[in-house]
Amino acid sequence: MELYQLRTFAAVAEERHLTRAAERLHLSQPAVSGQIKALENEFEVRLFERLATGMELTAAGRELLAHATKVLTAAEALRHAARGLTGEITGTLRIGTVSDPATIRIGELLSGAVQRFPGLELELHHEMSGAALENVRERKFDASFYFGDRPGPGFAAVPLREFVYRITAPAPWADQVSNATWSEIAALPWVMTPDISTHSRLVTKLLADHGIEMPQRHVEADDERVIIDLVREGVGISLVREDLALQGEANGEFCLWSKAKPATTLWFVCLTEREGDPLIRALLDLVRETWPAAADDHGDVVKTPEEISPA
């Protein structure tokens, strides 16, 4: 039994699919299948039922997965301790990014990493906020930027700044929008993001607070720049960051509805149990330096109380 086999076992259990697990581990599907078969032969039990829809853990697989997770956690703690003893900051971290590079100051973060920790490589992966948070939870990302409410138990989170949004419409719709009621606004065509995104949750909550359901007439897009272009071209209305909405209004491209200014917070998050990793500590130091107002009075990561539910 090897650690890499246990990692493969855990990945297949989480993905419930050989191909997705292989992509996540950067292995071929036959290699993943072979490692699972080797573990099953060694343990003398079947770990998965191979179904048409994917891989389902057997009762024995579920029990052994709990033990495998403890072994992998202990191995990771051992690596953290070894790195701490050597004092070297060398390795690769997978970072989730959201929004545009300027908004999250990713250029400044990368520049700081190059100067302070030349042995630290940051691998960037762009995602919507909800997907980015799930990737951190599932250890596909080591850390990530995230828009939304404070993440739930198990996450350490650094609040970076608050962003205000405006309900934004194409400029020619000004007469229709300026004095519209909540119901009339909800009835207009909307440009929405997928349900997993913070943007979608903001719209849903905003309307629900006024007794209105999710807009039925909407076009879906998953990129902020695409959303802005669609609003500009007259496809529909949408929530747009206030700085961009005001800029578009000044340029004669947008009109803004004045009755709502929902806000959300930009965070930098990692798993609480990963904070002891010297690479993660170095990354959090870089984040605090990039966002000087992000740390609390003691310069510590702002942790999530256990009673707060996941976003």
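This is a chat about a predicted model of one protein chain.

Trainee: OK, how many helices and strands does the protein chain have?
Mentor: There are 13 helices and 12 strands. Those are DSSP runs numbered from the N terminus: H or I with at least four residues for helices, E with at least two for strands.

Trainee: And how much of the chain is buried?
Mentor: Buried residues are 46% of the 311. Buried means under 20% relative accessible area, with a 1.4 Å probe and protein chains only.

Trainee: Which residues of helix 2 are buried?
Mentor: In helix 2 (residues 18-25), they're Leu-18, Ala-21 and Ala-22. They sit on the same side of helix 2, because their arc around the axis is only 100 degrees. That arc is taken from the directions from the helix axis to the C-beta atoms.

Trainee: What do they pack against?
Mentor: Helix 1 (3-15), helix 3 (29-43) and strand 2 (54-57).

Trainee: New topic: where is Pro-189?
Mentor: Pro-189 is in the loop between helix 9 (182-187) and strand 7 (190-192).

Trainee: What does Pro-189 contact?
Mentor: Leaving aside neighbours within four places in sequence, Pro-189 is in contact with Trp-173, Arg-217, Val-235, Gly-236 and Ile-237. Contact means heavy atoms within 4.5 Å.

Notes:
Residues are numbered from 1 along each chain as its sequence is written. This is a predicted model: local features need pLDDT of at least 70, side-chain atom pairs count only at pLDDT 80 or more; totals for chains, interfaces and linings use all residues. Side-chain values use heavy atoms; hydrogens and water are left out. Buried means under 20% relative accessible area, exposed over 50%, partly exposed in between (1.4 Å probe, protein chains only).
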